[in-house]
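Here is a short report on one protein chain. Look through the sequence and the model first, then read on.

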Amino acid sequence: MRAKIMEPMGQTAQQQSAKPLANIPFVGSSWIAAHAGSGKTHTLVSRIVTLLLLGVPAERITAITYTRAAAAEMRERVVRQLRELMLT
């Protein structure tokens with residue numbers, strides 16, 4: 001099962017699962033729920049980096065994880081991806 005973003009309202013689970021992640025609008029809140037190893041962190045990091053590149057201030061972005069280790073991993077991946085983008 002791949003990670004999928006759950007929009008808060010307005011769509012059925014079937015409509016949501018048919019929607020590619022890349023086409024989800026970057027407006028409002030999203031919730032990502034999936035099994036271990038399905039790409040949740042990758043999806044969150046990509047979404048955070050995209051929001052930053054779109055000009056959303058970092059202090060306006062909140063990502064919640066279950067552990068401090070997971071939060072640190074996510075932060076490291078965001079920084080790494082931003083550095084890679086700056087070098088290209």
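## Layout of the chain

Along the sequence, the chain runs in the pattern β-α-β-α-α. Its secondary structure comes to three helices and two strands. Helices (H or I, at least four residues) and strands (E, at least two) are DSSP runs, numbered from the N terminus.

This is a predicted model: local features need pLDDT of at least 70, side-chain atom pairs count only at pLDDT 80 or more, and totals for chains, interfaces and linings use all residues. Residues are numbered from 1 along each chain as its sequence is written, and side-chain values use heavy atoms, with hydrogens and water left out.

Of the 88 residues of the chain, 18% count as buried. Buried means under 20% relative accessible area, exposed over 50%, partly exposed in between (1.4 Å probe, protein chains only). Contact means heavy atoms within 4.5 Å. Among contacts in the chain with a separation of 6 or more, 55% are between residues 24 or more positions apart.

## The core

The largest nonpolar core has seven residues: Val 45, Ile 48, Val 49, Leu 51, Ile 61, Met 74 and Val 78. The largest share, four residues, comes from α2. A nonpolar core is a set of buried Ala, Val, Leu, Ile, Met, Phe, Trp, Tyr and Cys residues joined through side-chain atoms within 4.5 Å.

Ile 48 touches Ile 61, Ala 63, Met 74 and Val 78, leaving aside residues up to four places away in sequence. Leu 51 lies in helix α2. The C-alpha atoms of Leu 51 and Ile 61 are separated by 8.2 Å, and the two residues are 10 apart along the chain.

## Two helices crossing

The axes of α2 and α3 come within 9 Å and cross at roughly 50°. That makes α2 oblique to α3. Axes are lines fitted to C-alpha atoms, for helices over the stretch in contact, and angles run from 0 to 180 degrees between N-to-C directions. Angles under 35 degrees count as roughly parallel, over 145 as roughly antiparallel, 65 to 115 as roughly perpendicular and the rest as oblique.

| Residue | Location | Relative accessible area |
|---|---|---|
| Ser 38 | loop between β2 (31-33) and α2 (40-53) | 14% |
| Leu 51 | helix α2 | 15% |

The side chain of Ser 38 reaches the backbone oxygen of His 35 at 2.6 Å.

Terms used. Polar contact = N/O pair within 3.5 Å; in protein donor to acceptor, adjacent residues only side chain to side chain.
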